[in-house]
Amino acid sequence: MKQDILYGIHAIEKFLKQSPHLVYSLAFQKGVENKRIQALMGQAKSLGIQYQLEPKSYFNRFDAVHQGVVAMIAKQAELQESDLLSMMETESQPVFLFLDEVQDPHNLGAILRTADAVGVTAVVLPKHNSVGVNATVRKVACGAAETVKVVVVSNLARTLKTLQQAGLWVTGLAGETESTIYDMDFTGAVGLVMGAEGSGLRKLTRETCDHLAAIPMVGSVESLNVSVATGVTLYEVFRQRK
């Protein structure tokens, strides 16, 4: 079975709480024995998960801030575009978050964490020119990469059109439009589209959206980081549905 890598104390702690049965192996670095590591060892032992103590050389192959602990976990089954249509049928007010070529794993991890907090139905990523759910994303997401459904599609614009035909209303975030997120109706079946770092929405993606909206700003900066902008927008969706 295919495996993924998970590293970092907090991320592994969350994973052990949520899905201990999906842990294949767990390794701690010899000589790293702070209180958090000891607590994590105790957590693994209480769950019946065996672990190994490995030398520093074992961890040098991981190009990451691993904090002295690495887990090999089961790779999650990949969801397809057809799964999105099934969610449209089963959810009364689905919220889909589309990320148009977001490439920074730290941004994706932060976005997944917010998506979990507000109950996003699924996060949709294009197959090409986009970061996937890797070890860095999992670490930053602090467990949300395992709880939020992530769907990878080959053609984002086509997926948007398919879901629009099924009743989804799609709003793209664009700084130059006069309408703001506070003018939008985010009840019902909602799709939010966030653009890539720097370049924003691609032309075809922008043209496919039903509406474009901006986050109002009064300061000197022209835009927000994509993970921050996503958080602001998702909480407006959340507020309207309370």
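## Getting started

Helices (H or I, at least four residues) and strands (E, at least two) are DSSP runs, numbered from the N terminus.

The model you are looking at is predicted, so local features need pLDDT of at least 70 and side-chain atom pairs count only at pLDDT 80 or more, while totals for chains, interfaces and linings use all residues. Residues are numbered from 1 along each chain as its sequence is written, and side-chain values use heavy atoms, with hydrogens and water left out.

## The whole chain

The protein chain holds 10 helices and 10 strands. Its radius of gyration is 20 Å, close to the 18 Å that the globule rule gives for 242 residues, so the chain is as compact as a globular protein of that length. (The radius is taken over C-alpha atoms, and the rule is 2.2 Å times the number of residues to the power 0.38.) Along the principal axes, the C-alpha atoms fill a box of roughly 60 × 45 × 35 Å.

How much of the chain is buried? Of the 242 residues, 47% count as buried; the word means under 20% relative accessible area, with exposed over 50% and partly exposed in between (1.4 Å probe, protein chains only).

## Two helices side by side

Two packed helices are described by the angle between their axes and the distance between the axes. Here, the axes of helix 5 (residues 105-118) and helix 10 (residues 226-241) come within 9 Å and cross at roughly 10°. Axes are lines fitted to C-alpha atoms, for helices over the stretch in contact, and angles run from 0 to 180 degrees between N-to-C directions. That angle makes helix 5 roughly parallel to helix 10 (angles under 35 degrees count as roughly parallel, over 145 as roughly antiparallel, 65 to 115 as roughly perpendicular and the rest as oblique).

Residues in this contact (heavy atoms within 4.5 Å) include Ala-110 and Ile-111 of helix 5, and Leu-234 and Phe-238 of helix 10.

## Aromatic pairs

The structure holds 4 aromatic pairs. Rings of Phe, Tyr and Trp (its six-membered ring) pair if their centres lie within 6.5 Å; planes under 30 degrees apart count as stacked, over 60 as edge-to-face and the rest as tilted.

Phe-59 is buried, at 1% relative accessible area. In another, Phe-96 and Phe-98 have ring centres 6.4 Å apart and planes at 55°, so this pair is tilted. Phe-96 is buried at 0%, and Phe-98 is also buried, with 0% relative accessibility.

## Residues in loops

Is Asp-100 buried or exposed? Asp-100 is buried, with 0% relative accessibility, and lies in the loop between strand 5 (95-99) and helix 5. Asp-100 and Val-193 are 93 residues apart in sequence, yet 6.9 Å apart in space, C-alpha to C-alpha. Not counting residues up to four places away in sequence, Asp-100 touches several residues, among them Leu-156, Val-193 and Arg-202.

Now back to Cys-142, which has a positive phi near 55° although it is a residue other than glycine. Cys-142 is buried, with a relative accessible area of 16%. Asn-129 also has a positive phi, about 55°, and is not a glycine. Its place is in the loop between strand 6 (122-126) and helix 6 (135-141), and Asn-129 is exposed at 52%.
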